[in-house]
Amino acid sequence: MSNITQDTIDTVKSLGKYEAGFVTDIESDKAPKGLSEEIVRFISAKKNEPKWLLDWRLKAFMHWQAMPEPQWGKLDIGPIDYQDAYYYAAPKQKLSSIDEADPKLLATFEKLGVPMAERARLAGVAVDVVFDSVSVATSFREQLAEVGIIFCSISEAVQKHPELVKKYMGSVVPYHDNKHACLNSAVFTDGSFVYIPPGVRCPMELSTYFRINEMNTGQFERTLIIADKGAYVSYLEGCTAPMRDENQLHAAVVELIAHDDAEIKYSTVQNWYPGDEEGKGGIYNFVTKRGLCEGKNSKISWTQVETGSAITWKYPSCILKGDNSQGEFYSVAITNNFQQADTGTKMIHIGRNTKSRIISKTISAGKSDSTYRGLVKIMPKAEGARNFTQCDSLLIGNQCGAHTVPYIESRNPRASLEHEATTSKIGDDQLFYCQQRGLSAEEAVALIVNGFCREVLQNLPMEFAVEAQKLVGISLEGSVG
Amino acid sequence: MLKITNLHATVGGKEILKGLSLEIPAGEVHAIMGPNGSGKSTLSYVVAGRAGYEVTAGEITLNGRDVLAMAPEERAAAGLFLAFQYPVEIPGVQMTTFLKTALNSIRRQRGEAELDALDFLKLMKAKQKALGVTDEMIKRPVNVGFSGGEKKRNEVLQMAILEPSFAILDETDSGLDIDALKVVSEGVNALRGPGRSFLVITHYQRLLDYIVPDVVHVMANGRIVKSGGPDLARELEAKGYAEFTGEAA
């Protein structure tokens with residue numbers, strides 16, 4: 001089960017002494033605070049990367065230095081001190097088996113509902129657990145390998161499948177795409193890599209649990225998923241982070257590529273630490289997620305449940321290049337207390353008869369602010385392109401805000417675009433009706449909000465949907481009464 | 001069972017209930033009739049604990065327990081049920097999910113074991129059959145797209161499943177045609193028993209032909225102004241409320 005591969009252990013051990021001047025304590029395995037070219041080189045060396053990748057990182061770093069922060073979000077972000085964070089930390093323990101894992105760590109998995117062996121055995125889910133940047137365990141890989149599927153950490157993919165990584169990494173989200181993507185490209189430490197060969201339907205849901213562990217450690221995951229011709233894969237990403245006082249930066253990049261007739265379903269439940277009731281602390285979640293429907297009849301579907309983070313800046317998008325390709329975006333974004341979210345999607349229609357569907361459910365409570373921001377762009381050659389967009393907002397209390405900003409750019413007069421939007425409040429009559437039937441105010445809110453989000457939640461794989469429903473309730477605790 | 005003593009209540013600063021007293025012993029069905037604006041619905045909301053309905057004096061006890069000290073959901077767990085005059089829509093929440101959550105919340109508050117999905121479904125099926133509620137109806141979101149009759153039947157179905165010891169039916173007959181009225185009344189009558197009491201609020205005597213009360217009260221201007229047997233209802237139907245509103249004014 002816990003194939004923390006001997007490779008990984010050895011690699012990390014051998015890299016304990018870094019020549020460039022500073023001594024790294026192998027136990028803490030942490031680069032000094034701050035961001036510089038030296039740190040980028042350190043990370044690359046730690047990971048024993050080929051020169052092309054180091055060069056790519058350095059180019060990204062150069063761009064990052066010159067690039068301004070993106071300003072379009074309706075977000076109040078204080079200045080970020082990039083020099084006051086660590087950019088590399090590996091877990092302290094090097095394990096040869098899960099039994100040797102820190103009991104505290106295992107307890108956290110319990111809380112998250114990921115008793116790994118159990119979950120893997122009972123649910124048939126392959127879990128690639130990324131724990132503070134280095135993969136600790138990967139399961140079911142042999143079973144997947146039998147049908148030719150590659151599911152491993154991106155570091156491992158760099159070593160074992162460099163041709164695939166080189167071909168696809170940065171092909172959908174270029175290293176200079178935006179400031180956060182630049183940063184990720186320069187300092188990404190790990191993430192997942194999936195390749196599904198032609199005609200293969202992945203026999204199980206692939207799942208990765210991310211978790212921030214070390215204090216002050218920004219997380220820079222990079223995920224790359226390729227579905228070759230006629231392939232299918234469903235990928236689940238879930239995260240949670242423990243209580244924390246200082247703001248933590250999280251800038252992930254996810255790239256999806258679907259070839260002819262291929263389908264990728266990507267589901268996220270995001271529950272990073274949102275900060276406390278006064279708005280102190282919490283994660284800055286700046287994510288660039290983009291899928292390319294490269295081939296004809298391909299399909300990419302994003303489903304997200306965003307409940308955590310102090311600030312969420314995230315627009316999972318689809319580039320519909322192949323003829324007849326389809327993009328979908330199903331989103332639930334919940335903000336409470338002082339949380340801020342600016343999230344949505346971009347659907348870029350390039351190919352003929354391309355279709356996209358956007359269903360966004362925004363829930364704001366407390367003093368939070370939430371914005372749906374979406375772009376539907378129809379290129380001149382996208383004959384027969386169609387889009388349907390529905391944005392619903394639900395307000396709880398009278399100190400929160402919800403905003404809907406749909407951008408439409410159509411360069412093909414025959415394209416068909418539909419947009420629906422609603423804003424509503426949880427009514428006192430609804431609350432009282434539920435309470436009269438025995439539900440507490442909080443149970444009532446959870447039930448009503450779950451009903452409001454149903455259309456999105458039912459797109460999640462079963463066990464994820466259950467987890468997400470609970471999360472909806474938990475994240476709105478204290479929002480009424 | 002339910003005892004209300006000298007109840008005064010205000011809504012938005014205006015006094016609506018002005019010293020109402022009422023006692024409903026276990027196993028009895030009492031009806032309250034009265035003109036519009038007499039405070040009938042206010043009474044039902046005050047007993048159920050709706051926010052914004054402020055009790056300024058008096059007390060309410062249910063089986064000896066102080067109702068006013070309890071949150072609305074605690075009153076539900078204590079056995080109080082209100083069949084709404086205007087049942088509320090909850091989009092996206094299936095009837096079954098709603099009712100299972102409600103029943104289990106009540107059971108949890110009472111320290112009883114929660115029902116799992118299978119046991120709940122069995123219970124639901126049994127109760128549904130008696131009320132002629134279709135499977136299709138319980139798969140719909142709570143009260144969304146229900147006709148007036150379906151909404152009221154749905155309220156009685158909920159009552160049948162939650163098995164309260166004291167239920168208020170707030171104008172359950174409004175908006176019902178005669179067939180729906182019969183079905184709903186039969187549902188209520190099936191629940192009558194020595195351990196359960198009802199307060200039936202209505203404008204019209206018609207409902208009381210089907211749900212025959214033990215006692216009829218006339219409410220006017222925030223008080224009970226007259227009480228009597230089932231005959232009183234027929235008398236009111238013939239004479240109207242003028243006598244009482246005049247008296248109260």
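**Chain B: terms and values**

Modeller: Chain B has 10 helices and 12 strands, where helices are DSSP runs of H or I of at least four residues and strands are runs of E of at least two, numbered from the N terminus. This is a predicted model, in which local features need pLDDT of at least 70, side-chain atom pairs count only at pLDDT 80 or more, and totals for chains, interfaces and linings use all residues. Residues are numbered from 1 along each chain as its sequence is written, while chains are lettered from A and ligands numbered from 1 in the order in which they are written.

Biologist: Why are α6(B) and α7(B) called roughly parallel to each other?

Modeller: The axes of α6 (residues 148-162) and α7 (residues 178-191) of chain B cross at roughly 10° and come within 10 Å. Angles under 35 degrees count as roughly parallel, and α6(B) and α7(B) are therefore described in that way.

Biologist: What makes β6 and β12 of chain B edge strands?

Modeller: The open sheet has six strands in the order β6-β9-β10-β3-β11-β12 (chain B), with mixed pairing. Both β6 (80-83) and β12 (223-228) of chain B pair on one side only; two strands pair if DSSP finds at least two bridges between them. Within this sheet, β9 (residues 166-170) and β10 (residues 197-202) of chain B are joined by five bridges and run parallel.

Biologist: How does the radius of gyration of chain B stand against that of a compact globule?

Modeller: The rule, for C-alpha atoms, is 2.2 Å times the number of residues to the power 0.38. For 249 residues a compact globule would have a value near 18 Å, and chain B has 18 Å, so the two agree.

Methods: Axes fitted to C-alpha atoms, helices over the stretch in contact; angles between N-to-C directions. Parallel < 35°, antiparallel > 145°, perpendicular 65-115°, else oblique.
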